[in-house]
Amino acid sequence: MENTTLTRLRKYARRAKDKLTLHGISEHNYYEPFNYDAVPLRTPSTQIRPLKLFPASKYSDPLRCQLFTVTFSRAPRYRALSYVWGDGTKTHSLCIVNENQTPPTRKRARSGSPERHPQIPITSSLNTALRHLRSLPTIDPDAIPIIIWIDQICINQLDNNEKSHQDEVMDALGGLAREWAETVEKVLGGGHEWTGHVHEFMRQYWWTEEEKGPGQEVQNLFERTLRTVIKLQDKNRLKKWYTRAWFTRIWTIQEFCLCEDTVFVCGRKIADHSAVGVAVRLINFIFLDWDLDVESLQSQTRPELVRLREDQLKMKVLEGSLVELLDCRDIKLMSPRELTLLPLMKLLYVLIGSDEYEGNEEAQGPQATRYRDRVYGLLGLAADAGRLGIKPDYSATTTITKVLTDTARAFVLNGGTLNGNGTLEVLSYAQFPKLQAEEMEPRDGFFSSPCSSEGELEGELQELPSWVPDWRPGLLPSYYVIENRKAGDERIPLFTPCGRDSRVEVIPTESPYVLGLRGFLVDMIEECSEHVWSDQTLEENDYGGVAEYFDALERLCRLSRQKQEQKQQSRRIYETTVRQQEALFRVAVGDRMFVMEEGYQRLTSQMVQVFDEWLEGCRLKAEAKVEASSSLLASDGHDHDHHQHHRQKKRQKKEEEEEEEQEQEQEEWLDDAGLAAELAMTLDQMNNKRPYLTEKGYLGMAQSHAQPGDVVVVFMGAEIAYVLRPVGAKEDDTYTFVGEAYCDGVVDGEILLTEQKSEFFLV
């Protein structure tokens with residue numbers, strides 16, 4: 001019995017020792033959690049808690065540091081560390097040796113053992129980062145010990161009030177680091193071999209450029225760089241680097257953009273942020289610039305470049321958030337007042353969405369351990385954060401639904417780009433279906449979808465009001481682009497359905513989840529086309545699909561004309577027959593297109609004529625394909641002899657030659673009619689929308705889930721129409737939001753002449 005008990009005690013002791021070792025704690029130390037009350041932030045909105053990281057003789061030596069508090073005005077030179085938290089599991093620890101820490105109350109376990117110190121559990125990624133940083137004297141040889149600011153340590157993660165205040169002053173934290181520190185370390189991870197190769201390439205490219213100067217021996221530089229990139233890509237190192245988790249963290253964007261001087265650290269390799277930016281753009285040039293004169297390259301390099309670009313198309317090497325990260329930094333440093341919250345969220349969650357995310361799990365946009373950080377993680381960058389009045393709130397009583405609803409309402413009230421007026425542009429991103437509970441699963445410790453972490457309820461976003469965006473990755477862009485102009489610049493909108501001087505009119509409501517707006521009821525939808533426009537139609541040269549889509553739209557146009565002919569009222573939707581005939585094309589593209597060097601413009605009669613010729617060409621190609629298929633089937637019915645296989649191969653070869661000839665003709669035709677090509681591409685901005693017809697004969701485009709019985713409205717201060725779905729009795733004026741829309745015949749204020757202003761309450 002005595003031996004059995006002794007064995008159990010020894011086994012228990014080994015487990016305890018293993019547990020301590022797992023946290024980086026020596027068996028001769030005694031684990032005591034650090035108490036943040038020893039180093040309090042008495043005013044979290046004006047103070048910070050930096051950390052002194054002490055040097056060590058060996059990489060494996062315990063991490064020792066000291067925490068202290070200081071006001072912003074007296075903060076010493078320090079560095080801010082940005083890194084990947086990972087899944088949040090804290091398997092290591094940091095030893096705090098503060099002078100003002102309460103001394104231990106228990107005696108040493110045995111003579112000669114060191115005095116214990118309080119510990120702060122940390123993640124594996126932070127443990128690796130700190131061990132590398134304290135062994136890098138090249139960063140700043142005079143800074144011993146290193147003074148550093150780390151969110152995981154310098155903010156009490158168990159104090160929601162402190163977290164909210166410190167997140168709110170993140171812009172000031174970055175400003176301090178920019179003013180007093182030469183560098184801000186961005187630790188991308190361990191010193192993996194492939195990461196080191198990429199960093200070495202960037203460093204070499206930068207110094208080559210510095211030495212020779214821009215514009216000199218560009219061709220030789222390109223050749224050398226191309227050979228390096230080929231080696232990196234063949235071993236899949238480039239893709240691994242581009243898809244590093246650090247680039248996809250939502251907090252990375254703010255941390256990276258707030259400081260002027262930044263270095264990337266990986267293991268013992270360091271690269272300046274300028275080197276990374278130049279190298280990334282050079283890599284993009286190699287992969288994506290199809291205007292590059294390939295014939296000017298050396299003969300042995302040409303096929304390698306072609307193969308490299310084919311790999312990019314197949315493997316999506318450059319997918320991810322790295323380029324967007326660099327773009328945000330450029331905007332913030334060059335034009336900080338132009339970087340407002342709504343355009344920033346569009347850049348990260350919308351503009352890079354639909355194409356890059358489809359079928360690519362590695363490019364899921366910015367991620368965060370808490371879903372509300374999709375908003376809070378950008379406030380430090382937004383020039384209008386103060387005007388919007390959005391403040392970080394991590395309290396358990398504040399739900400994700402409230403955070404996203406308050407954000408949407410802030411945009412409606414104060415989110416406009418001109419003089420702080422409200423904007424209804426945010427409604428275009430309240431898209432369906434919204435995220436469901438089964439989609440809220442973590443990926444590598446991050447959540448690009450809502451999560452149940454730290455009190456955030458799984459499935460909570462199902463309760464979002466219909467008019468509030470969930471800001472998931474991959475939202476479709478709006479068909480109507482509202483440019484973000486500089487303060488004082490005059491912006492002339494394309495559409496003014498409620499007049500040029502119209503402003504958003506919000507009706508106060510008892511519930512913060514109900515949005516009351518004034519506007520005009522245009523009409524009720526009577527019929528929706530079965531054909532929904534897809535951006536894959538033109539990409540796949542589906543001429544038959546183009547013909548069917550426009551045939552269905554043309555039928556709705558005929559019904560609209562019949563309704564107009566039957567009207568007895570004095571004012572019709574279309575004043576002239578010509579304008580009525582143009583509706584087919586104006587509806588299809590939302591009556592606007594992008595013209596190089598001039599921006600978006602309304603369609604002209606010349607554009608409509610070219611568009612008509614383009615459509616006729618598509619119909620002819622569709623008919624030719626049908627005839628070719630019919631001929632092939634008829635011929636197959638008579639092939640019963642022993643030469644059947646040979647004849648079939650000849651027919652297939654002939655058919656392939658005819659298809660190549662047709663594609664060549666199409667390319668030549670598009671070259672001759674560049675305007676038609678631009679109009680065709682404009683169609684894709686109506687992706688996932690379908691035509692509709694109202695009871696009075698209005699034509700337009702609405703979201704694919706719109707249905708008969710929905711109503712078309714224009715709100716005061718809006719530049720486009722929207723579709724709503726009535727809830728309950730008609731006199732209730734209560735609706736759910738369906739989506740943005742185009743309505744032909746109301747975009748120039750015509751509705752003001754025929755209808756009275758109404759009230760709408762969106763739930």
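1. Among contacts (heavy atoms within 4.5 Å) in the chain between residues at least 6 apart in sequence, 76% join residues at least 24 apart. The structure is a predicted model, in which local features need pLDDT of at least 70, side-chain atom pairs count only at pLDDT 80 or more, and totals for chains, interfaces and linings use all residues. Residues are numbered from 1 along each chain as its sequence is written, and side-chain values use heavy atoms, with hydrogens and water left out.

2. The chain has 763 residues, of which 51% are buried; buried denotes under 20% relative accessible area, exposed over 50%, and partly exposed in between, with a 1.4 Å probe and protein chains only. The chain contains 23 helices and 22 strands, taken as DSSP runs numbered from the N terminus (helices: H or I, at least four residues; strands: E, at least two).

3. Tyr479 lies in the loop between helix 17 (400–414) and strand 13 (506–507). This residue counts as buried because its relative accessibility is 1%. Leaving aside residues up to four places away in sequence, Tyr479 touches Gly590, Arg592, Gln685, Met686, Lys689, Ile720, Glu740, Ala741 and Tyr742.

4. Which backbone oxygen does the side chain of Tyr479 reach? The oxygen is that of Ala741, at 2.9 Å; a polar contact is a pair of N or O atoms within 3.5 Å, where within protein one must be able to donate a hydrogen and the other to accept it, and residues adjacent in sequence count only if both atoms are side-chain atoms. The C-alpha atoms of Tyr479 and Ala741 are separated by 8.8 Å, although the two residues are 262 apart along the chain.

5. Ala741 is in strand 21, where it is the bridge partner of Ala721. Strand 21 (residues 734–743) is mostly covered, with eight of its ten residues buried. Strands pair if DSSP finds at least two bridges between them. Strand 20 (residues 721–726) pairs with strand 21 in the antiparallel sense over six bridges. Strand 18 (residues 699–703) also runs antiparallel to strand 21, joined by two bridges, and Gly700 stands opposite Cys743. With strand 22 (residues 758–762), the pairing of strand 21 is parallel, over two bridges; here Thr734 stands opposite Phe761.

6. Seven strands form an open sheet of mixed pairing, in the order 1-8-7-4-3-9-6. Its edge strands, strand 1 (32–33) and strand 6 (79–80), each pair on one side only. Strand 1 pairs with strand 8 (residues 118–122) in the parallel sense over two bridges, and Pro33 stands opposite Gln119 of strand 8.

7. How many disulfides does the structure hold? There are zero, a disulfide being a pair of cysteine sulfur atoms within 2.5 Å. For Cys95, the closest cysteine sulfur is that of Cys65, at 7.5 Å, which is too far for a bond. Cys154 is likewise in no disulfide, and its nearest cysteine sulfur, that of Cys65, is 8.4 Å away. Cys95 counts as buried at 8% relative accessibility, and Cys154 is buried with a relative accessible area of 0%.
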